[in-house]
Amino acid sequence: MPDGEVTPAGGPVTGLILQSGAVDRVHYGLAMAAAALALSTPVVLFFTNAALLSLRAAGPDGRPGWADAPLGADLIAAGIATDAAGYDAGLTSRGAAGIEDLIEAVSELGGRFMICEMGLRAIGLDRTALRTDIGFEEGGLVTLYRILGPDGRLVVI
């Protein structure tokens, strides 16, 4: 979709800004996006700063980049999990969608994944370090606001 064009189907676009690197917050942002898309609400996920680390390509061992992301301290303190991979394994073992499931669902339902150019520079991450199986759009806040248009919604996670 050209820069500045508002998505017509499903009403106003919802923009979800994912800024935290905590994998549980990224997971919830993906869950929110999948739910909105299932209801035909157009969604743009805007990854910036530490949240970009969850989009890193898998390492040589095949472990997804998000598996090395931090987990929220409250979940660690509650004994839910000790790391991102354990958190994700717990989700799927209890019947909840895991991170890869949600990435796939958001992609298949037509969600847009944006990566913040300024965020990449801010954390010193090169675009080539990111996954190649997601069709990322690069841009900044101005691009995001143009996509949202005057009626769009914005949520920061």
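**Close-up views of a predicted model**

View 1. Strand β1 spans residues 14-18, and five of its five residues are buried, so the strand is largely enclosed by the rest of the structure. Burial applies to both faces of β1, with Thr14, Leu16 and Leu18 on one side and Gly15 and Ile17 on the other.

**View 2. The crossover from β1 to β2.** Strand β1 also pairs with β2 (residues 43-47), in the parallel sense and over five bridges. Within this pairing, Ile17 stands opposite Phe46 in β2. The chain passes from β1 through helix α1 (residues 23-38) to β2, forming a right-handed β-α-β crossover. An unreviewed UniProt entry lists residues 26-47 as "transmembrane region". In the model, the chain over residues 26-47 is 59% helix and 23% strand, with its end C-alpha atoms 9 Å apart.

**View 3. The largest nonpolar core.** This core has 36 residues, and those with the most contacts inside it are Val23, Leu30, Leu45, Phe47, Leu55, Val106 and Phe113. Two or more residues come from each of β1, α1, β2, α3 (84-93), α4 (99-108) and β3 (112-116). Helix α1 gives the most, with seven residues. Beyond its neighbours within four places in sequence, Val106 is in contact with Leu30, Ala33, Ala34, Leu37, Leu45, Gly111 and Phe113. Another core, of nine residues, lies apart from the largest one and includes Val13, Phe46, Met114 and Cys116.

View 4. Arg131 forms a salt bridge with Glu100, the closest N and O atoms being 2.8 Å apart. This pair links distant parts of the chain, 31 residues apart: Arg131 lies in the loop between α5 (117-123) and β4 (136-139), and Glu100 in helix α4. Arg131 forms a salt bridge with Asp133 as well, with the closest N and O atoms 2.9 Å apart. Arg131 is buried, at 9% relative accessible area, Glu100 is partly exposed at 32%, and Asp133 is exposed at 54%. Through shared partners, Glu100, Arg131 and Asp133 are joined into one network.

View 5. Glu137 forms a salt bridge with Arg112, and the closest N and O atoms are 2.8 Å apart. Glu137 belongs to β4 and Arg112 to β3, 25 residues apart in the chain. Glu137 is partly exposed, with a relative accessible area of 24%, whereas Arg112 is buried at 12%. The whole structure contains five salt bridges.

Terms used:
Residues numbered from 1 in each chain as written. Predicted model: local features only at pLDDT ≥ 70, side-chain atom pairs only at ≥ 80, totals over all residues. Heavy atoms only, no water. UniProt positions renumbered as here; feature names shortened; annotations may be inferred. Helix = DSSP H or I, 4+ residues; strand = E, 2+ residues; numbered from the N terminus. Buried < 20%, exposed > 50% of the residue type's maximum accessible area, 1.4 Å probe, protein only. Pairing = 2+ DSSP bridges. Right-handed = clockwise from strand over helix to strand, strands pointing away. Core = buried A, V, L, I, M, F, W, Y, C linked by side-chain atoms within 4.5 Å. Contact = heavy atoms within 4.5 Å. Salt bridge = Lys/Arg side-chain N within 4 Å of Asp/Glu carboxyl O.
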